[in-house]
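Colleague: Hi! I've just opened this one and I'm new to it. Could you walk me through a few spots?

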Amino acid sequence: MIRYYLFPILASLFISFNTLSQTKKADNISVEWGEENPAKAGRLPLKIVGEDGSSTFLLKRRAKMGKYIYILERYDQKLHRTHSQDIDLETNGKKLAFEECIYLNNKIYFFSSFYNQKSKKMFLFSQSINPTNLTLNNDLAPLIEITNLERKKSLFFGQAQSSNFNSKLSEDKSKLVFFYEAPTSESEVVVLGARVFDQNITELWGKDITLPYKNNLFHTKDYIIDNHGNLHLLNKIYKEKQKTKSRKGTPNYNYQLLSINNEGLNQKKTPISLGDQFITDMKVRVDKNKLTCSGFYSDENSYQIKGTYVLQLDLESQGILSEDKKDFDIDFITLNMTDRQKNKTEKKAEKGKNVELYEYDLDEIIVCEDGSFYMLAEQYYIKITTTTTTTNGQTSTRTTVTYYYNDIIVAKGSKEGKILWVDKIPKRQKTSNDKGSTSSYVALEKDGELFIIFNDHKDNLSYTGQGKLTYYNKKRKQSAAVLVHVSADGKSKKNVLYNLKEEDVYVYPLFSFTSEKNKEILLYNRKGKIEKLVRCTPK
C-alpha cells in the first residue's frame, strides 16, 4: 500500500521538475544575480532611492516597538551590499517622523516632521546624506511651519495616511511639491497647503489655497506637479454625504480635475463625468503639453468595471483634446475564466443582462517616449475567515486572511488619446496571513513594449486563455518567476525567468522596483536569512 500511494507522488514531483526544466526560458531579457547578503529579520525594501552610475541606494524599513526604523543601503554594480546604515531622525533629542527619502540633483535627502504639542505647530525638515558613510549631515533645515494646528493628524482631506505630508516629483525631477491639509477655523472650508521647491530644495513658491469644495464631500484620488511647477489634483466630488460603501443606482459623485497655476493664484476646474455611469477608478499623468486622465467605468456600481475611458486635456488651457471609451466585449470578459464561469457569464449576456468584471485596481499609467501610454490594473481582494473550535471546554478562535492577486489588465492608448487594444494577462495567486508579499507583479516599459514579472504555478506556463488556472501558493517546487513580454500591438508571450526551487529563493514583487533611468527591473529575492537582488534588463 505504501508503494501504491508513494509512486504517484514521486511521479508527480518528477513531472513538476521536468515541466519547469523543459520550459523555454526568456531570452529577451538578461538576468544578473547579485551576491548573497545576510538578511536581518523584519527588514524589507521600501524603494530604490536613486542611482549614481556606480551605486544603487535602497531604502528599507523594520518595525520596532510599534514604530519604524529606516535603513539606507548601498549596492555596487555587482549588486553586492557595500554599506548599511540605520538613519536616526532627531533634533534636540526629539525624535522626528519619517516623511520621504528622495535622490535629487545627485544628493540623497531625508524629509521628516515634528509636531510641537505645546505650541500647536507642525514642522517639515530636510537633511542630506553623506555619500561616503550614508550618515546624516549636520544640515537639518526647516522647510515648512504649520501654525494653529490644534492636534496632530495624519490625514489628507479625510483620508488616513501614515505621514503628515504628501509629496510628488515632477516628471523631469526639476520640481518637488509638499502638500498638507492646512488648518482653518471654518468647519466646511477646505484649505490646501502647497510648497514647491527646486532641485536644491530652495522654495519657489508656497501658498495656502482655499479649495472650491466642502469638507467631507470630496477626496483626492491622484495628484501631480508638472515641469512648470503647476499642480493638478484629480478629485472625487460627492453630491451628498460621502459614502464609504459602493451602492447601486446612479452615482452620487463625479470626478473633477483641479489645476492650480501661476504659483497658486489661479484655479481651473475640469469636470469629468460619464452621466449615469460610474467612473470606478482614475489616474492622471502629464506628458509634455497634455494631461491624460484615464480609468474604468461601470453601469452597475463603483467596484465593477465595464470598460476603459480616456480624457486628454491641453496642459495650459485645460481644453479637451480628445475623449474615448471602450466597452469590454464578452470574449474579453470571459477570458481566463473556468468553463463553468464562462458558460454562466455567456448565458447571462444572452439574456440581455449586464456582465462586468469586479475588484480591479488601476495601478499605474506608463507614458512611452512616443506619447502613447499603457494602463495597468490588477484584480485584488481579500477574504477573512474566522474559525472557532472548542476542545476540553477551552474555546479558541483563529482568523485567516487570504490575499488574492489575479489577472492583470493591460490597455494601450495612442498619443492622441484613443484606446487601441485591451488584453488580460492570466494570473492566479493566493496566499494567507502574509499580506501577499510574494504576489502581485512588477512592470517595466522599454521601447514601447512591456516586461511584466510575477510568480506563477508551473501548470499555467502553457495556458491558452480558456479553462482553469492553478493558483500560485508559495510552494517553490511548483513555482517559477515568469516574464510576460507584451509588444506594442498587444501580442503577449510568457516564459520562465528562473525556477524558484533551483535558485532556492522566493521573489517578492511588492518589494521589487523599476529603474526608468537604466530601463531595468531590480527584483528582491529572499529565503530565511539570505537575500539577493537580481537585475533584469530587457535586451
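Colleague: Let's start with Val-284. Which strand is Val-284 in?

Modeller: Val-284 lies in strand 23. Keep in mind that this is a predicted model.

Colleague: Okay. Is Val-284 buried or exposed?

Modeller: Buried, because its relative accessibility is 0%, and the cut-off for buried is under 20%.

Colleague: And what is Val-284 in contact with, leaving aside neighbours within four places in sequence?

Modeller: Val-284 is in contact with Asp-222, Ile-224, Leu-234, Leu-257, Leu-291, Thr-292, Cys-293 and Ile-365.

Colleague: I was also looking at Leu-357. How far apart are the C-alpha atoms of Val-284 and Leu-357?

Modeller: They are separated by 22 Å. Along the chain, the two residues are 73 residues apart.

Colleague: Let me follow the chain on to Lys-288. Where is Lys-288 found?

Modeller: Lys-288 is in the loop between strand 23 and strand 24, and strand 24 covers 290-298. Its phi is positive, about 55°, although Lys-288 is not a glycine.

Colleague: Buried or exposed, that Lys-288?

Modeller: Exposed, because its relative accessible area is 57% and the cut-off for exposed is over 50%.

Colleague: What about the phi of Asn-336?

Modeller: Asn-336 has a positive phi too, of about 70°, and it is not a glycine either. You'll find Asn-336 in the loop between helix 2 (330-334) and helix 3. Asn-336 counts as buried, at 3% relative accessibility.

Colleague: Which residues line the second largest cavity?

Modeller: Among them are Pro-251, Tyr-253, Asn-254, Tyr-255, Ile-272, Leu-274, Phe-278 and Ile-279. By class, the lining has seven nonpolar residues, four polar and no charged.

Colleague: Which strands supply at least two residues of that lining?

Modeller: Strand 21 (253-261) and strand 23 (278-287) each do. Strand 21 gives the most, with three residues. Strand 23 is also where Val-284 lies.

Colleague: And pockets? What is the volume of the second largest pocket?

Modeller: About 770 Å³. It is lined by 28 residues, and the closest to its centre are Met-337, Gln-341, Thr-345, Tyr-358 and Gln-379.

Colleague: Which elements give two or more residues to the lining of that pocket?

Modeller: Helix 3 (339-350), strand 28 (357-358), strand 30 (373-391) and strand 31 (394-413). The largest share, five residues, comes from helix 3.

Colleague: How does the lining of the second largest pocket divide by class?

Modeller: It has ten nonpolar, nine polar and nine charged residues.

Colleague: Are Cys-368 and Cys-536 buried or exposed?

Modeller: Cys-368 counts as buried at 4% relative accessibility. Cys-536 counts as buried as well, at 0%.

Colleague: One more residue: where is Ala-480 found?

Modeller: Ala-480 is in strand 36, which covers residues 479-486. Ala-480 counts as buried, at 1% relative accessibility. Its C-alpha atom is separated by 9.0 Å from that of Val-507, a residue 27 residues apart from it along the chain.

Colleague: Now zoom out for me. How many helices and strands are in the chain?

Modeller: There are four helices and 41 strands. The radius of gyration is 25 Å, close to the 24 Å that the globule rule gives for 539 residues, so the chain is as compact as a globular protein of that length. Along its principal axes, the C-alpha trace spans about 80 × 65 × 60 Å.

Colleague: What share of the residues is buried?

Modeller: Buried residues make up 51% of the 539 in the chain. As for contacts with a separation of 6 or more, 54% of them are accounted for by residues 24 or more positions apart.

Colleague: Thanks, that helps me find my way around!

Methods. Residues are numbered from 1 along each chain as its sequence is written. This is a predicted model: local features need pLDDT of at least 70, side-chain atom pairs count only at pLDDT 80 or more; totals for chains, interfaces and linings use all residues. Side-chain values use heavy atoms; hydrogens and water are left out. On a 1 Å grid over the protein atoms alone, a cavity is a set of points where a 1.4 Å probe fits but cannot get out, and a pocket is an open set with protein on both sides within 12 Å along at least five of seven lines; lining residues have an atom within 4 Å of a point. Ala, Val, Leu, Ile, Met, Phe, Trp, Tyr, Cys and Pro count as nonpolar, Asp, Glu, Lys and Arg as charged, and the others, Gly among them, as polar. Buried means under 20% relative accessible area, exposed over 50%, partly exposed in between (1.4 Å probe, protein chains only). The radius of gyration is taken over C-alpha atoms; the globule rule is 2.2 Å times the number of residues to the power 0.38. Contact means heavy atoms within 4.5 Å. Grid points are joined across faces, edges and corners, and a volume is the space filled by probe spheres set on the points.
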